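Please walk through this structure with me, one part at a time. Keep the sequence and the 3D view side by side as you read.

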Amino acid sequence: MNVYAIKAIYLFELARTWRTLMQSIASPVLSTSLYFIVFGSAIGSRMVAIDGISYGAFIVPGLIMLTVLTESTSNASFGIYMPKFSGTIYEILSAPVSAVEIILGYVGAAASKAILLGLIILFTAQFFVDFSIMHPLWMLTFLVLTAISFSLFGFIIGVLANSFEQLQIVPLMVITPLTFLGGSFYSISMLPPLWQQITLFNPVVYLISGFRWSFYGVADVNVGLSLAMILLFMASCIAVICWIFHTGYKVKV
Amino acid sequence: MQAIIQVNNLSKTYPSGFQALQNIELEIRRGEIFALLGPNGAGKTTLISIICGIVNPGEGTVLVDGLDIVQQYRKARQRIGLVPQELSVSIFETVWDTVSFSRGLFGKPADPAYLQQLLRDLSLWDKKDSKIMTLSGGMKRRVLIAKALAHQPQILFLDEPTAGVDVELRRDMWQMIRRLRDSGVTIILTTHYIEEAEDMADRIGVIRAGKLILVDDKTSLMQKLGKKQLLLQLTTPLQQIPVALAGYQLQLSADNNQLIYTYDAQQEQATITSLLRQLNTQGIEFSDLHTRESSLEDIFIGLVGDAA
């Protein structure tokens with residue numbers, strides 16, 4: 001195991017975050033704070049509680065998930081796309097590193113950043129709404145697993161993307177709608193029966209439901225199923241990445 | 001002594017169907033400077049990219065210091081540093097960070113003292129905290145060299161290292177390459193400046209349309225393929241070459257003032273004595289004489305000319 005290489009890639013990626021501090025940390029924190037102000041405090045104060053939880057508190061897990069999903073995807077995809085775009089990938093390809101080490105570096109850094117952001121938002125939320133965390137360990141488990149899974153997913157997008165447009169289209173056009181429709185702002189039990197069924201095809205529903213359970217002990221779907229879905233998604237991403245590295249697809253001719 | 005790089009029967013066809021390399025057989029000797037010459041698109045960069053691990057080999061094998069580049073890629077790649085042709089470097093980083101990154105990537109623990117010396121040798125030390133985007137093209141090129149040397153490789157590949165580099169910097173760069181060779185590093189380079197290869201290289205390989213058409217010591221290559229010419233400045237112009245001198249390969253210059261005698265560099269030079277004696281007998285006098293050798297460039301054009 002080339003530990004120095006993993007460390008080098010990991011630190012390089014975190015340094016990139018640090019260089020773009022405003023864009024990578026301040027802006028998600030600001031936009032989430034706006035959600036809390038608008039939906040949590042202003043509108044939320046006039047809404048009825050869902051499952052006995054005040055609306056402001058109800059949206060906390062969903063908002064954290066929204067940020068964690070988009071940030072881990074876009075970060076990991078950008079991290080591996082940039083060297084491809086600028087040509088510096090030659091160095092990674094010529095280095096004595098294995099696929100696993102490359103992934104640990106890039107995905108590890110993207111996931112770390114997403115987790116850190118999630119925790120910052122969690123901390124920020126305290127200033128706007130009252131909430132408690134019933135199962136802190138499970139909360140961390142869901143957070144970490146989700147960040148890793150979607151960083152793997154982002155890594156795949158970054159490898160496959162041929163342009164900056166393709167790079168951004170998935171977080172914008174897929175992740176954000178799925179998260180909004182996945183129960184960030186409502187319980188799926190509030191939907192008409194048909195839509196409840198359709199919604200179950202949205203993988204993000206399981207993530208948000210499980211994550212919210214770790215906060216308040218209530219869930220839209222069984223928490224075991226939530227966990228299973230995250231693991232399944234993670235396993236699928238790992239399988240695709242194995243295939244990419246095995247065939248050299250889009251990386252090496 | 002075992003070759004430091006051994007290329008056996010290497011072929012590469014790209015997915016587009018373009019065959020970049022055909023049955024390449026090549027041995028690079030430990031500690032030499034090897035120049036790989038060839039026209040654009042001949043396969044130089046493909047060959048280097050395969051040895052360095054950037055492009056997958058098609059058929060054939062490559063051993064680096066006895067290690068297979070596919071099976072034992074970790075150990076093989078640790079021995080190699082690569083300076084690419086393009087100025088591909090992460091422009092938002094500082095010089096120090098990018099060089100430290102390269103060292104780590106190649107599996108070496110941090111060694112600030114070595115990196116400091118390296119940057120000093122490349123006249124980059126006072127720029128160590130500068131972002132790369134603020135550097136000139138020549139400095140970026142040196143940053144790439146520093147990155148390639150950050151893990152103390154035994155073999156250094158330089159793909160067109162002096163392309164777009166000004167004369168002074170080019171001279172500095174060659175001095176540095178000589179110093180590296182003196183410290184035991186094997187150097188493989190490609191260049192368009194053939195006079196540089198002539199000046200620097202111990203051995204030369206010529207690649208044309210994916211085939212290695214020649215590998216030889218520079219000096220023996222120059223001797224074997226080089227022509228020599230003796231130029232005689234005549235005191236009075238000649239209208240034609242006298243019949244008595246027809247046995248020699250003589251030419252008359254356009255202004256009829258110069259006799260040009262072309263001879264094989266390998267041959268005994270006794271013919272020159274007899275030619276001069278003949279000129280004396282014929283009463284042809286000359287005011288000056290000098291010889292010239294064909295350059296590596298002349299030889300190179302002769303070799304690849306019909307394909308280039």
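What is the mean pLDDT of chain A? The mean is 89, and 100% of the residues of chain A reach 70 or more. Here pLDDT is the predictor's confidence in each residue, from 0 to 100. Where pLDDT is low, the predicted coordinates should not be read in detail.

This is a predicted model: local features need pLDDT of at least 70, side-chain atom pairs count only at pLDDT 80 or more, and totals for chains, interfaces and linings use all residues. Residues are numbered from 1 along each chain as its sequence is written, while chains are lettered from A and ligands numbered from 1 in the order in which they are written.

Among the elements of chain A, helix α6 (residues 136-160) has the highest mean pLDDT, 95. The lowest, 82, belongs to α2(A). Helices (H or I, at least four residues) and strands (E, at least two) are DSSP runs, numbered from the N terminus.

Now look at where the chains touch. In chain A, 21 residues are in contact with 27 residues of chain B. Two residues are in contact if their C-beta atoms, placed from the backbone, lie within 7 Å. On the chain A side, α1 (3-19) and α4 (89-94) each supply at least two residues. The most comes from α1(A), with seven residues.

Turn to the sheet in chain B. Four strands form an open sheet, in the order β12-β13-β11-β14, with antiparallel pairing. Two strands pair if DSSP finds at least two bridges between them. At the edges are β12 (250-252) and β14 (286-293) of chain B, each pairing on one side only. Three bridges join β12(B) to β13(B), residues 258-264. One partner pair across these strands is Leu252(B) with Leu259(B).

Two loops deserve a stop. Most residues other than glycine have a negative phi. Asp51(A) is not a glycine, yet its phi is positive, about 50°. Find Asp51(A) in the loop between α2 (21-43) and α3 (55-86) of chain A. Is Asp51(A) buried, exposed or partly exposed? Asp51(A) counts as partly exposed because it has 13 C-beta neighbours inside 10 Å. A residue is buried if 20 or more other C-beta atoms lie within 10 Å of its own, exposed if 12 or fewer, and partly exposed in between, with C-beta atoms placed from the backbone.

Ala209(B) also has a positive phi, near 50°. Ala209(B) sits in the loop between β9 (203-208) and β10 (211-217) of chain B. With 17 other C-beta atoms within 10 Å, Ala209(B) is partly exposed.
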